[in-house]
Amino acid sequence: MPRPIKALIHLDALRHNLARAQDALGGSSKLWAVVKANAYGHGIEPAVAAFEAADGLALLDLDEAVLARDAGWNKPILLLEGPFESSDLEVARQYKLTPVIHHLEQLQMLEHGPKADPLNVYVKLDTGMTRLGFGSGDHVQALQRIERLQSSGRVAAVTLMTHFACADRADALEDPLRQFVAMSSGVSGQGIATWCLSNSAACLMHAKRIEDLARAHGRSLWSRPGICLYGGSPLNDLTAAQLGLAPAMTLSSELISVKEVAAGQGIGYGHTFVTDRPMRVGVVACGYADGYPRHAPTGTPVSVAGRLTRILGRVSMDMIMVDLSDMTDVGVGTKVVLWGEQGPTADEVAKAAGTISYELLSGVTARVPREVG
Ligand SMILES: *Cc1c(COP(=O)(O)O)cnc(C)c1O
């Protein structure tokens, strides 16, 4: 028998969360479902099936784009990091992908490309994230060159995008929005009818503000939510449940050993936890080589037979130990939920481990079988 660990992917939850995101946007924006990193660990194929009602898929790996096309996705696909080299633009043409252009070398790749079969492109502006995108030093040149590419027929539709550094804060959007508007008005902008701004946090918190701004400038909108589609909360002070989101992945396994332990006994590597009384301790077939965070400390929530308890001691490569002290009716083979339905949320486990659910979900490793349910 294979190890009992598996990641169950809930298509109905993915569909529900997509509807919830669309609801938050209130019809004001089209929606790219962000499926980078193997759909945040959920698998490209399940995502293609569940996100049928999205307007496009956003990702950054050409292999994943090809997988999505092979799985039957025929709506737009956005390449969030654009081409890494010229030949990527050929693949983009072949598979009808929309590249993001965020630096001058990528513009050059477009300028050397064929005139036939123009690509739709996104032009990314850096409004304070200080990651990808044209900044105040080069955005005018970039937008002028893009307009030339458009009039020479090498480029078709152009959308302007930016990515917010602090969309989860109520007061941190006005500066980047002001910068975005200022930068985008540096050129005629005639051929640029669309803006693409919001990640999950902005979709859930700032949809109205962004809709109003786009309308005032006569632009239509696309948004790019990711984590909320998978049931993770992008906001610090609201849980996924409070946001109406459902967990789309349940990472589960089983107890593979149970033992009674005397008081004063160290548990696991380094003895970071020592029993202060006799305890019942279970061993779960799940470790950091499955993507469970090694930094999750004693006390991190886990559920055994549907009841919440805690992990004990250090996470090892293939196993973790759990506290079964109040559970007399569990034994080898009892179901354990690391996160998901009938367990703690991935957000809760992430918080205990000092990280975010994005890292946990996308970090489930290849050796964990995915099942779609
Ligand atoms: C990952 C990503 C998103 C989605 O972000 P979430 O916080 O998961 O909603 C949107 N836009 C870009 C450019 C991204 O890299």
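Visitor: Is arginine 367 buried, partly exposed or exposed?

Guide: The classes are set by relative accessible area: buried is under 20%, exposed is over 50%, and partly exposed lies in between (1.4 Å probe, protein chains only). Arginine 367 is partly exposed, with a relative accessible area of 39%. Please note that this is a predicted model, in which local features need pLDDT of at least 70 and side-chain atom pairs count only at pLDDT 80 or more, whereas totals for chains, interfaces and linings use all residues. Residues are numbered from 1 along each chain as its sequence is written, and side-chain values use heavy atoms, with hydrogens and water left out.

Visitor: Which residue meets arginine 367 in a salt bridge?

Guide: A salt bridge is a side-chain nitrogen of Lys or Arg within 4 Å of a carboxyl oxygen of Asp or Glu. Here the partner of arginine 367 is aspartate 290, at 2.6 Å from N to O. The two are 77 residues apart and link distant parts of the chain: arginine 367 is in the loop between α11 and β18 (370–372), and aspartate 290 is in the loop between β13 (279–284) and β14 (301–304). Helices (H or I, at least four residues) and strands (E, at least two) are DSSP runs, numbered from the N terminus. Aspartate 290 is buried, at 0% relative accessibility. Through shared partners, salt bridges join Arg3, Asp290, Asp318 and Arg367 into one network.

Visitor: How many salt bridges does the structure hold?

Guide: The structure holds 15. Among them is the bridge between arginine 277 and aspartate 276, with 3.5 Å from N to O. Arginine 277 is partly exposed at 36%, while aspartate 276 is exposed at 65%.

Visitor: Which residues of helix α4 are buried?

Guide: In α4 (residues 62–70), the buried residues are Leu62, Glu64, Ala65, Val66, Ala68 and Arg69. What covers them includes α2 (36–40), α3 (44–50), β3 (56–59), β4 (77–79), α5 (86–94) and β5 (97–101); contact means heavy atoms within 4.5 Å. At the start of α4, a side-chain oxygen of aspartate 61 reaches to within 3.1 Å of the backbone nitrogen of aspartate 63. Just after α4, glycine 72 has a positive phi of about 100°.

Visitor: How many cavities of 30 Å³ or more does a search of the whole structure find?

Guide: On a 1 Å grid over the protein atoms alone, a cavity is a set of points where a 1.4 Å probe fits but cannot get out; lining residues have an atom within 4 Å of a point. The search finds one cavity of 30 Å³ or more. The largest cavity holds about 70 Å³ of space. Of its 13 lining residues, Tyr230, Gly231, Pro247, Ala346 and Leu361 are the closest to its centre. The elements that give two or more residues to this lining are α10 (346–352) and α11 (357–362).

Technical notes: 1 Å grid on protein atoms, 1.4 Å probe; cavity = no way out; pocket = protein on both sides within 12 Å on 5 of 7 lines; lining within 4 Å. Points joined across faces, edges and corners; volume = space filled by probe spheres on them. Polar contact = N/O pair within 3.5 Å; in protein donor to acceptor, adjacent residues only side chain to side chain.
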